[in-house]
Amino acid sequence: MSNKARKAAFEGLKQQKKRLMRTTMRELFVHDPDRFSTYSVSAGDLLLDYSKNRIDSQSMRALFDLARDVDIEARRDAMWAGEPINSTEHRSVLHMALRYFGDDPVLVDGADVMAGVRDVLARIEGFSNDIRDGAIRGALGDQFTDIVNIGIGGSDLGPAMVTLALAPYMRPNLHAHYVSNVDGAHIHDTLKTLDPARTLFIVASKTFTTDETMTNAHSARKWLADALGEQAVNDHFAAVSTNIEGCQAFGIREDRIFGFWDWVGGRYSVWSAIGLPVAIAVGYDNFEAFLRGAYEMDQHFRTAPLEENLPVIMGLLGVWYRNAWGFATHAVLPYDQRLSRFPAYLQQQDMESNGKSVTLNGKSARWETGPIIWGEPGTNGQHAFYQLIHQGTSVIPCDFLVAANPHEAMPPHHAKLVANCFAQSEALMLGKTKEEAAADLKGTGLSKEEIKALVPHKVFPGNRPSNTILYSQLDPATLGKLVALYEHKVFVQGVIWNVNSYDQWGVELGKQLAKALLPEVEDTASSGEHDSSTLGLLARFHALKH
Ligand code: F6P
């Protein structure tokens, strides 16, 4: 589809929007009592209820037509066939191979990658079992009790999010920590509670050159060597990377280096050896269940008709709000405390993927692309920013996520959590009219004038869209399904926006400038080659520095 045709398709969606602006979801629900069954789909036990969106059959048809016009299925198949769809880096995009449990070969440049994938998985299984069983110990013979993963971005957010989400599957005597920020406070505050003799470091970096990670890794190494001697480094460090020479140069022994491949993007790498701390923390069986859950979602994405395809539907709804309605942000609101890092994880997955303004053919995108993704777990968010979602001037489409079953038998907690979750989407959709607000105030003892003055503040506009994703329990397989669901949603949107969802050139400029600025931060001698703001900040920084 040409850029011109895309532009025209988005204009067509805007016409659909104009038509739908004449009604509200409240009315749509009244006119169609079956709206929930029409607009909900399942993949296994995972349900997506998208009935509380500003859609009807005509607008959905237009969206599915768009998906067909951009050849979503052919592009999906091209990804799976190993075509270099990451065109600016000439790379295949095959994170699905990392969790593939079928029998077919998965080809990159004509070679099957599955033997390599399975070999690394077997090594992860062996190593994680040995750490958990105490067959592999520290230099002084102590069993490891603490794993510190040092990485950033995709080498941190995925395993950190998953470790937190799968807390019920962790052993009490094994703790996983994640250090990412170059701010020394992060590694300092992590290490100060740890015993070097019982601590294993995993240096996780696809490139093994990322400044933050290498700086933290060297500080960790010094901390360990100062306590146990240089020779102990061998026993207390492992690495995960595509840069095997880099790991060796750091001094990590060969049998502790876990590789992956350039066809795995950093933000899609939690399924690779980047998941090693997860396998250690929750056990390999649970890690494999996580991969199998994602595999199930992959099968769904690859085979379900577009009209029943969860990632396709979620992707299309995102496009609908971004390109027809002009909504700039999208909130992810898990009613699941253990998914508290899920929004942060999705920020990288989505915003680093589709935060692009140039199309695949090098032209400026003349339409909006990736939205701002944000969120916090409910019910905390309700007491913080939901005010704006209900009554603010911006419309924010939301995803609510909730489990039918908690891990803890602690009534009435879970019932209250679920009631709040369902109440929020209902309130956002229904709103409260002037008449309803006035009726609420009747009998409160307020005068007519007081009621008249208060009513406008008590009106809820409603008609605010949301999806609800309901699953049985936050177990490893369900988590795998959820993560894969959002990955494929991002893919769908990238195809529609015609951007490369798999590069991230936009992070480079800041890195280059930080490198150039470092000597001027460390030393008062300034090159003078900066704007007046940067020069002013440097000068004040040196004046304030102790
Ligand atoms: O700078 C952005 C980025 O390249 C991310 O895409 C990546 O996940 C992160 O840095 C970490 O990179 P690495 O795993 O190579 O250290």
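In this predicted model, five strands form an open sheet, in the order E6-E5-E7-E8-E9 and with parallel pairing. Strands of a sheet pair through backbone hydrogen bonds, and this pairing can be either parallel or antiparallel. At the edges of the sheet lie strand E6 (175–179) and strand E9 (257–259), each of which pairs on one side only. On average, neighbouring strands of this sheet are turned by 20 degrees against each other, if direction is ignored.

Strand E5 (residues 146–150) runs parallel to E6, and the two are joined by 5 bridges. Within this part of the sheet, Ile 150 stands opposite Val 179, which belongs to E6.

| Helix | Strands touched | Angle of directions |
|---|---|---|
| H8 (residues 184–191) | E5, E6 and E7 (199–204) | about 160 degrees with E6 |
| H9 (residues 211–228) | E5, E6, E7 and E8 (237–241) | about 160 degrees with E7 |

Elsewhere in the chain, Met 21 lies in the loop between helix H1 (3–20) and helix H2 (25–31). Is Met 21 buried or exposed? Met 21 has a relative accessible area of 52%, and because a residue counts as exposed when this value is over 50%, Met 21 is exposed. The C-alpha atoms of Met 21 and Arg 54 are separated by 8.5 Å, while the two residues are 33 residues apart along the chain.

Definitions and conventions. Residues numbered from 1 in each chain as written. Predicted model: local features only at pLDDT ≥ 70, side-chain atom pairs only at ≥ 80, totals over all residues. Heavy atoms only, no water. Helix = DSSP H or I, 4+ residues; strand = E, 2+ residues; numbered from the N terminus. Buried < 20%, exposed > 50% of the residue type's maximum accessible area, 1.4 Å probe, protein only. Pairing = 2+ DSSP bridges. Axes fitted to C-alpha atoms, helices over the stretch in contact; angles between N-to-C directions. Contact = heavy atoms within 4.5 Å.
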